[in-house]
Amino acid sequence: MNKKSIKRAFCMFLIMSLCCLAGCGARQEAEAVSDIKEDDLIVVGFSQVGSESYWRNVNSESMRSVFTKENGYKLIFEDAQQKQTNQIKAIRSFIQQEVDYIVVAPVTEAGWDTVLQEARDEGIPVIIVDRMVDASSDLFECWVGSDFELEGRKMCEWLRWFCVKNNILAEDIYIADVQGTIGASAQIGRTKGLEAAAEKYGWNIVAQADGEFTRAKGYEVTQQLLKRNPKINVVYCENDDEAFGAIKAIEDAGKRVGSNIKGGEIMVVSFDGVKPEALQDVLDNSISCIVECNPFHGPRVEAIIRKLQNGETPQKYEYVDEDMFSAHEEIESVVVDSKQYPVTRITQEVIDRRIMEFDSGDYGDQAENVY
Ligand code: AHR
């Protein structure tokens, strides 16, 4: 630990001890916080992808909620508006400002070597969060996020068993893949999972197009794909926002959304499961299955920084645990690589409980929820 960090750690310890001795009253706490000097804060520069989805907004909030003055941090938050060039600019400005840590949620995987090398040359540790970078692993301290390919594979196992249990032949499945931002790990993994399953089970992927992880693009792309491919009976949306757009596009085209493929409905499946509206859509059978993508990375990144501050070595790669949601009782779990993943059956009670947990900020022990 360098001198600056030791001083900061000592200050934080002192403030917390004083606060506890004083009975941790709200007033004392507020006084203690206002006594924290800017110079003593750990400065974290965070380059966020943008605000393309509900998931992203929750993720930003998760980061903002832990990197606070009370916790001993100063957060410099930069929204890249889905552009890698903005992220590179932000990282260079973090370097100029001599931040203590750089945290990056990369929009796409490629193109990071130069700027990460610049951070490394200045001795600033970089933590990658959510999506992955395609760069040498010694250019960043560690990464925490989702296994996006596993998410895709879990979804496809669910679809496979849905077909088996409902006597739907593989050759009668016509899938439109509304992809996420092309080149983003979340797109690469989920698309890969689908393509491998289609090959293995004999499904038809009739169209693939970039839905940019947004509701508007999800609508536009689904509308076009449906016009060109009247046989489509499954829309595989690579996030919930795209699914909201896809559902509207299907309905606007005069078609029915639902799981009854044999009865002429078009099935929508998606990823995230963060917005209550999405879970409500599962309950109402507008979305047949959602594979969760967990956005609560703030406490995880903070735990990594704490470890680095203490001179410990954090795990290089940490994958988060993720659930699956469906209203269909017949599939209780799916198996991928011999591991069983339960499917949570969505009921109003489950939705209400999740809303309550989110509202109270109690997401279970999220920081520990990694493997
Ligand atoms: O990288 C995570 C993905 O990015 C989420 O699935 C999506 O909603 C977000 O925009």
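**Salt bridges and nonpolar cores: a short tour**

Hi everyone, let's start with charges: the structure holds 18 salt bridges, each one being a side-chain nitrogen of Lys or Arg within 4 Å of a carboxyl oxygen of Asp or Glu. Before going on, please keep in mind that this is a predicted model, where local features need pLDDT of at least 70, side-chain atom pairs count only at pLDDT 80 or more, and totals for chains, interfaces and linings use all residues. Residues are numbered from 1 along each chain as its sequence is written, and side-chain values use heavy atoms, with hydrogens and water left out.

Now, the first pair I'd like to show you. Glu-118 and Arg-92 form a salt bridge, with 2.7 Å between the closest N and O atoms. Glu-118 sits in helix α5 (residues 113-121) and Arg-92 in helix α4 (residues 84-96), so this pair ties together parts 26 residues apart in sequence. Helices here are DSSP runs of H or I with at least four residues, strands are runs of E with at least two, and both are numbered from the N terminus.

How accessible is Glu-118? Glu-118 is partly exposed, at 26% relative accessible area, and Arg-92 is partly exposed too, at 38%. For the cut-offs, buried is under 20% relative accessible area, exposed is over 50%, and partly exposed is in between, using a 1.4 Å probe and protein chains only.

Next, Glu-329 and Arg-345, whose closest N and O atoms are 3.5 Å apart in their salt bridge. Glu-329 lies in the loop between β12 (324-326) and β13 (333-336), while Arg-345 belongs to strand β15 (residues 344-345), so the pair links parts 16 residues apart in sequence. Glu-329 is exposed at 54%, whereas Arg-345 is partly exposed at 41%. Elsewhere, shared partners join Glu-52, Arg-56, Asp-130 and Arg-131 into one salt-bridge network. Within it, Arg-131 pairs with Asp-130 at 3.9 Å between the closest N and O atoms; Arg-131 is buried, at 2%, and Asp-130 is buried, also at 2%.

Over to the nonpolar side. A nonpolar core is a set of buried Ala, Val, Leu, Ile, Met, Phe, Trp, Tyr and Cys residues joined through side-chain atoms within 4.5 Å. The largest has 29 residues, and those touching the most other members include Trp-158, Ile-173 and Met-267. Helix α6 (148-165) is among the elements giving two or more residues, and α6 gives the most, with seven. Leaving aside neighbours within four places in sequence, Ile-173 is in contact (heavy atoms within 4.5 Å) with residues including Cys-163, Trp-203 and Ile-261.
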